[in-house]
Amino acid sequence: MLPTMPARLCLIMTLAAALAPPLVAAKGTKSPKDARVYLISPADGETVTGPFIARFGLRNMGITHAGDEFAGSGHHHLLIDVDDTMQAGEEIPRDKKHIHYAAGETEARIELSPGKHTLQLVMGDSKHLNFDPPVVSEKIMITVARPNGEQEARATRSVNPRSRLQSRAAAPLELQSAPEPTADMTKSPESSDFISRVLTGAK
């Protein structure tokens, strides 16, 4: 027996709901209009030495701790050398390339290996999910240089100690000859007068 029209309609709607992808679950928290995140420092193309301070900027949005659900607010995440594009509602990983600032920090001390690195900021909601649409900064590239002291130390360690000994052995020794003794150097004026008086009989 075929089901009635209302029964068939209910069956079709049930099947459609079961097969439909969970679009609502894939979306993140709605981001505020015109929200913008950016790096204040360092600047794109800048060369830094050793550990440096990265400062985060944000407009048309508030900063809060992770777990605090305040409308129009989130917290920073710093992406280091990350090439992947994150989607709305996607969870932000927690590893060495995705640094979470869950306490609402707006600056951080960063230490990277010497060389070129990319930096990018992304705002996360209370559950570390990307906003919808994502609030992501432009990606910048910086160069981390070695400290001068480290370069000098490396240059000193690279010198072969044997070559130093050879250079010292090859260098001629400069000997200074002692001056010929003279009467002025061997006799004081008093002794000269005494000898003259003895020889002449003068008193």
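Q: In what order do the strands of the open sheet stand, and is the pairing parallel or antiparallel?
A: The order is E1-E3-E7, and these 3 strands pair in the antiparallel sense. This is a predicted model, in which local features need pLDDT of at least 70 and side-chain atom pairs count only at pLDDT 80 or more, while totals for chains, interfaces and linings use all residues. Residues are numbered from 1 along each chain as its sequence is written, and side-chain values use heavy atoms, with hydrogens and water left out.

Q: What makes E1 and E7 edge strands?
A: Strand E1 (36-41) and strand E7 (107-110) each have a single partner strand, so one side of each has no neighbour in the sheet. From one strand to the next, the twist averages 30°, an angle between N-to-C directions on a scale from 0 to 180 degrees, with axes fitted as lines to C-alpha atoms.

Q: How do you know that E1 and E3 are a pair?
A: Two strands pair if DSSP finds at least two bridges between them. E1 and strand E3 (residues 52-59) have 5 bridges and run antiparallel, so they pass that test. Within this pairing, Tyr38 stands opposite Gly57 in E3.

Q: How many helices and strands does the protein have, and what counts as one?
A: There are 6 helices and 9 strands. Both are DSSP runs numbered from the N terminus: a helix is H or I over at least four residues, and a strand is E over at least two.

Q: Which strands pair with E9?
A: Strand E2 (residues 47-49) is one of its partners, running parallel over 3 bridges, with Thr143 in E9 as the bridge partner of Thr47. E8 is another, joined to E9 by 5 bridges in the antiparallel sense; there, Gly115 has Val144 as its bridge partner.

Q: Which residues of E9 are on its covered face?
A: Ile140, Ile142 and Val144 are on the covered face, while Met141, Thr143 and Ala145 are on the uncovered one.

Q: Why is the aromatic pair called tilted?
A: Rings of Phe, Tyr and Trp (its six-membered ring) pair if their centres lie within 6.5 Å, and planes under 30 degrees apart count as stacked, over 60 as edge-to-face and the rest as tilted. The structure holds 1 such pair. The ring centres of Phe56 and Tyr101 are 5.3 Å apart and the planes are at 55°, so the pair is tilted.

Q: Which parts of the chain does this pair link?
A: Phe56 is in strand E3 and Tyr101 is in the loop between strand E6 (98-100) and E7, 45 residues apart.

Q: What makes Phe56 and Tyr101 buried?
A: Buried means under 20% relative accessible area, exposed means over 50%, and partly exposed is in between (1.4 Å probe, protein chains only). Phe56 has 5% and Tyr101 has 8%, so both count as buried. Of the 203 residues of the protein, 27% count as buried.

Q: How do you know that Asn130 is buried, and where is it found?
A: Its relative accessible area is 0%, so Asn130 counts as buried. Asn130 is in the loop between strand E8 (115-124) and strand E9 (140-145). Contact means heavy atoms within 4.5 Å, and, not counting residues up to four places away in sequence, Asn130 touches residues including Gly28, Met86, Glu90 and Val122.

Q: What makes a group of residues a nonpolar core?
A: A nonpolar core is a set of buried Ala, Val, Leu, Ile, Met, Phe, Trp, Tyr and Cys residues joined through side-chain atoms within 4.5 Å. The largest one has 22 residues, among which Phe52, Ile110, Leu112, Leu119 and Ile142 touch the most other members. E1, E3, E5, E7, E8 and E9 each supply at least two residues, and E3 gives the most, with 4. A second, separate core of 5 residues includes Leu79, Val82, Ile92 and Val122.

Q: Why does Ile110 count as buried, and which residues does Ile110 contact?
A: Ile110 lies in strand E7 and, at 6% relative accessibility, counts as buried. Leaving aside neighbours within four places in sequence, its contacts are Gly50, Pro51, Phe52, Ala54, Leu78 and Tyr101. Ile110 and Gly50 are 60 residues apart in sequence, yet their C-alpha atoms are 8.7 Å apart.

Q: How do you know that Val82 is buried?
A: Val82 has a relative accessible area of 8%, so Val82 is buried. Val82 is in the loop between strand E5 (73-80) and E6, and its C-alpha atom is 8.1 Å from that of Gln120, 38 residues apart along the chain.
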